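Have your viewer ready and try each task before reading its solution.

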Amino acid sequence: MSAEDTAFDEDALASRVGSRLRGLRQDRGLTLAALSRSCGVSVSYLSAVEKGVNHPSLHTLAAITEALGVSIRTVVADEGQETIRLSAIPRQPSSAAEVSHPLLTLRASIVSAAAGDEGTCPVDLKDRGLFLYVVTGAVVVRVDGTEYTLDTGDALDVTELSEATWRSPVASEVTWVSCPSRRR
(Lines give C-alpha, C1' and ligand atoms only; values in the text may rest on other atoms or scores of the structure.)
Protein backbone atom coordinates (compact mmCIF):
# COMPACT_ATOMS: atom_id res chain seq x y z
CA MET A 1 0.00 0.00 0.00
CA SER A 2 1.45 3.37 -0.96
CA ALA A 3 1.64 6.43 1.29
CA GLU A 4 -1.16 8.00 -0.78
CA ASP A 5 -3.42 4.98 -0.16
CA THR A 6 -2.76 5.20 3.60
CA ALA A 7 -3.62 8.92 3.67
CA PHE A 8 -6.87 8.22 1.79
CA ASP A 9 -7.83 5.48 4.24
CA GLU A 10 -7.07 7.70 7.24
CA ASP A 11 -9.16 10.50 5.77
CA ALA A 12 -12.06 8.11 5.12
CA LEU A 13 -11.81 6.80 8.69
CA ALA A 14 -11.71 10.35 10.08
CA SER A 15 -14.78 11.22 8.03
CA ARG A 16 -16.74 8.17 9.27
CA VAL A 17 -15.72 8.76 12.91
CA GLY A 18 -16.55 12.47 12.62
CA SER A 19 -19.94 11.70 11.14
CA ARG A 20 -20.72 9.26 13.97
CA LEU A 21 -19.64 11.80 16.59
CA ARG A 22 -21.87 14.46 14.98
CA GLY A 23 -24.82 12.04 14.95
CA LEU A 24 -24.30 11.14 18.61
CA ARG A 25 -24.03 14.81 19.57
CA GLN A 26 -27.18 15.71 17.64
CA ASP A 27 -29.08 12.70 19.03
CA ARG A 28 -28.36 14.09 22.50
CA GLY A 29 -29.53 17.57 21.48
CA LEU A 30 -26.10 19.09 22.18
CA THR A 31 -24.59 22.05 20.38
CA LEU A 32 -20.90 22.12 19.54
CA ALA A 33 -20.47 24.73 22.30
CA ALA A 34 -22.15 22.53 24.93
CA LEU A 35 -20.05 19.52 23.96
CA SER A 36 -16.93 21.70 23.96
CA ARG A 37 -17.60 22.74 27.56
CA SER A 38 -18.17 19.13 28.60
CA CYS A 39 -15.05 17.66 27.04
CA GLY A 40 -12.59 20.57 27.14
CA VAL A 41 -12.00 20.60 23.38
CA SER A 42 -12.46 23.85 21.43
CA VAL A 43 -15.55 24.36 19.30
CA SER A 44 -13.48 24.87 16.16
CA TYR A 45 -11.52 21.65 16.75
CA LEU A 46 -14.72 19.68 17.44
CA SER A 47 -16.23 21.05 14.24
CA ALA A 48 -13.16 19.99 12.26
CA VAL A 49 -13.26 16.51 13.85
CA GLU A 50 -16.94 16.11 12.93
CA LYS A 51 -16.13 17.13 9.35
CA GLY A 52 -13.31 14.60 9.20
CA VAL A 53 -10.71 17.36 8.68
CA ASN A 54 -8.87 16.76 11.96
CA HIS A 55 -7.83 13.34 13.24
CA PRO A 56 -8.31 13.38 17.03
CA SER A 57 -5.72 11.78 19.28
CA LEU A 58 -6.83 8.85 21.41
CA HIS A 59 -6.87 11.15 24.46
CA THR A 60 -9.10 13.70 22.67
CA LEU A 61 -11.40 11.00 21.28
CA ALA A 62 -11.75 9.58 24.81
CA ALA A 63 -12.68 13.03 26.18
CA ILE A 64 -15.29 13.54 23.45
CA THR A 65 -16.87 10.10 23.80
CA GLU A 66 -16.94 10.37 27.59
CA ALA A 67 -18.77 13.70 27.32
CA LEU A 68 -21.25 12.03 24.93
CA GLY A 69 -21.73 9.12 27.33
CA VAL A 70 -20.52 6.45 24.90
CA SER A 71 -17.43 4.32 24.57
CA ILE A 72 -14.75 4.79 21.95
CA ARG A 73 -15.72 1.32 20.76
CA THR A 74 -19.20 2.60 19.94
CA VAL A 75 -17.73 5.26 17.68
CA VAL A 76 -15.26 3.00 15.88
CA ALA A 77 -17.34 -0.19 15.95
CA ASP A 78 -17.38 -2.17 12.76
CA GLU A 79 -14.31 -0.43 11.29
CA GLY A 80 -12.64 -2.89 8.96
CA GLN A 81 -15.73 -5.11 8.99
CA GLU A 82 -18.58 -5.45 6.58
CA THR A 83 -21.35 -2.93 7.12
CA ILE A 84 -24.18 -5.34 6.47
CA ARG A 85 -26.34 -6.60 9.31
CA LEU A 86 -28.86 -9.38 8.90
CA SER A 87 -31.87 -9.54 11.19
CA ALA A 88 -34.65 -12.05 11.44
CA ILE A 89 -38.18 -10.82 11.02
CA PRO A 90 -40.47 -12.42 13.62
CA ARG A 91 -43.02 -14.74 12.10
CA GLN A 92 -44.83 -15.85 15.22
CA PRO A 93 -47.61 -13.75 16.75
CA SER A 94 -46.86 -11.48 19.70
CA SER A 95 -43.21 -10.90 18.91
CA ALA A 96 -41.03 -7.95 18.02
CA ALA A 97 -37.54 -7.67 16.59
CA GLU A 98 -35.32 -4.63 16.38
CA VAL A 99 -33.88 -4.69 12.90
CA SER A 100 -31.78 -1.51 12.84
CA HIS A 101 -28.04 -1.28 13.31
CA PRO A 102 -27.08 0.29 16.66
CA LEU A 103 -24.88 2.94 15.01
CA LEU A 104 -27.63 4.27 12.73
CA THR A 105 -29.83 7.18 13.69
CA LEU A 106 -32.87 5.25 12.46
CA ARG A 107 -34.42 2.80 14.89
CA ALA A 108 -36.57 0.11 13.32
CA SER A 109 -38.61 -2.76 14.73
CA ILE A 110 -41.01 -5.19 13.18
CA VAL A 111 -43.92 -6.30 15.33
CA SER A 112 -45.91 -9.43 14.56
CA ALA A 113 -49.13 -9.36 16.56
CA ALA A 114 -52.02 -11.75 17.07
CA ALA A 115 -55.59 -10.50 17.13
CA GLY A 116 -56.15 -8.67 20.41
CA ASP A 117 -52.48 -7.91 21.12
CA GLU A 118 -51.60 -4.39 22.21
CA GLY A 119 -48.56 -2.50 23.34
CA THR A 120 -46.48 0.62 23.37
CA CYS A 121 -44.33 1.93 20.55
CA PRO A 122 -41.39 -0.51 20.12
CA VAL A 123 -38.91 2.20 19.07
CA ASP A 124 -37.48 5.15 20.99
CA LEU A 125 -39.54 8.35 20.60
CA LYS A 126 -37.54 10.86 22.68
CA ASP A 127 -36.96 13.86 20.36
CA ARG A 128 -37.77 11.64 17.41
CA GLY A 129 -40.35 11.36 14.65
CA LEU A 130 -42.24 8.15 13.88
CA PHE A 131 -43.05 6.29 10.68
CA LEU A 132 -44.95 3.04 10.62
CA TYR A 133 -46.13 0.78 7.81
CA VAL A 134 -48.70 -1.99 8.03
CA VAL A 135 -47.27 -4.94 6.11
CA THR A 136 -50.23 -7.24 6.77
CA GLY A 137 -53.45 -7.04 8.78
CA ALA A 138 -54.62 -3.95 10.60
CA VAL A 139 -53.59 -1.91 13.61
CA VAL A 140 -55.15 0.89 15.61
CA VAL A 141 -52.49 3.39 16.65
CA ARG A 142 -53.06 6.05 19.31
CA VAL A 143 -50.68 9.01 18.95
CA ASP A 144 -50.90 11.58 21.74
CA GLY A 145 -54.56 10.73 22.29
CA THR A 146 -55.71 10.56 18.65
CA GLU A 147 -56.55 7.16 17.13
CA TYR A 148 -55.69 6.11 13.59
CA THR A 149 -56.94 2.85 12.06
CA LEU A 150 -54.50 1.49 9.51
CA ASP A 151 -54.95 -1.47 7.17
CA THR A 152 -52.50 -3.44 5.02
CA GLY A 153 -50.44 -1.02 2.95
CA ASP A 154 -51.28 2.05 5.07
CA ALA A 155 -48.58 4.20 6.62
CA LEU A 156 -48.42 6.87 9.30
CA ASP A 157 -45.75 9.58 9.52
CA VAL A 158 -45.61 11.79 12.62
CA THR A 159 -43.05 14.58 12.98
CA GLU A 160 -43.44 15.25 16.70
CA LEU A 161 -45.10 13.14 19.37
CA SER A 162 -44.71 12.18 22.97
CA GLU A 163 -46.31 8.74 23.05
CA ALA A 164 -47.77 6.06 20.82
CA THR A 165 -49.64 2.87 21.68
CA TRP A 166 -51.19 0.25 19.46
CA ARG A 167 -53.67 -2.59 19.38
CA SER A 168 -54.19 -5.17 16.71
CA PRO A 169 -57.83 -6.13 15.97
CA VAL A 170 -56.57 -8.90 13.63
CA ALA A 171 -53.24 -10.66 13.15
CA SER A 172 -50.80 -8.10 11.78
CA GLU A 173 -47.22 -7.31 10.96
CA VAL A 174 -46.15 -3.67 11.33
CA THR A 175 -42.81 -1.98 10.66
CA TRP A 176 -42.02 0.85 13.11
CA VAL A 177 -39.22 3.36 12.42
CA SER A 178 -38.14 6.39 14.44
CA CYS A 179 -35.60 8.99 13.41
CA PRO A 180 -34.32 12.28 14.84
CA SER A 181 -37.05 14.91 14.72
CA ARG A 182 -37.00 17.09 11.62
CA ARG A 183 -37.93 20.10 13.75
CA ARG A 184 -34.74 20.28 15.80
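This is a predicted model: local features need pLDDT of at least 70, side-chain atom pairs count only at pLDDT 80 or more; totals for chains, interfaces and linings use all residues.

Residues are numbered from 1 along each chain as its sequence is written, and side-chain values use heavy atoms, with hydrogens and water left out.

**Exercise 1.** Find which residues touch the most other members of the largest nonpolar core.

*Solution.* Start with the term: a nonpolar core is a set of buried Ala, Val, Leu, Ile, Met, Phe, Trp, Tyr and Cys residues joined through side-chain atoms within 4.5 Å. Buried means under 20% relative accessible area, exposed over 50%, and partly exposed in between (1.4 Å probe, protein chains only). The largest core has 19 residues, and Leu130, Leu132, Val141 and Trp176 touch the most other members. Next, look at the elements, where strands are DSSP runs of E with at least two residues, numbered from the N terminus. Those giving two or more residues to this core include β4 (128–136), β5 (138–143) and β9 (172–180). Now zoom in on Leu132: leaving out residues up to four places away in sequence, its contacts (heavy atoms within 4.5 Å) include Val141, Leu150, Val174 and Trp176.

**Exercise 2.** Work out which residues form a nonpolar patch on the surface.

*Solution.* For such a patch, take nonpolar side chains (Val, Leu, Ile, Met, Phe, Trp, Tyr) within 5 Å, from residues with over 30% relative accessible area and no salt bridge. Phe131, Tyr133 and Val135 form the patch, with about 230 Å² of accessible area together (Shrake-Rupley method, 1.4 Å probe, only the protein chains shown counting as cover for residues). Phe131 sits in strand β4 and is partly exposed, at 35% relative accessible area.

**Exercise 3.** Trace the salt bridges that involve Glu147.

*Solution.* A salt bridge puts a side-chain nitrogen of Lys or Arg within 4 Å of a carboxyl oxygen of Asp or Glu. The whole structure holds five salt bridges. Glu147 pairs with Arg142 at 3.0 Å, N to O, and with Arg167 at 3.4 Å. Arg167 belongs to strand β8 and Glu147 to strand β6 (residues 146–151), so this pair ties together parts 20 residues apart in sequence. Glu147 is partly exposed at 39%, and Arg167 is partly exposed at 37%. Finally, salt bridges with shared partners join Arg22, Arg25 and Glu50 into one network.

Technical notes. Helices (H or I, at least four residues) and strands (E, at least two) are DSSP runs, numbered from the N terminus. Patches are made of residues with over 30% relative accessible area and no salt bridge: like charges are joined within 9 Å, nonpolar side chains (Val, Leu, Ile, Met, Phe, Trp, Tyr) within 5 Å.
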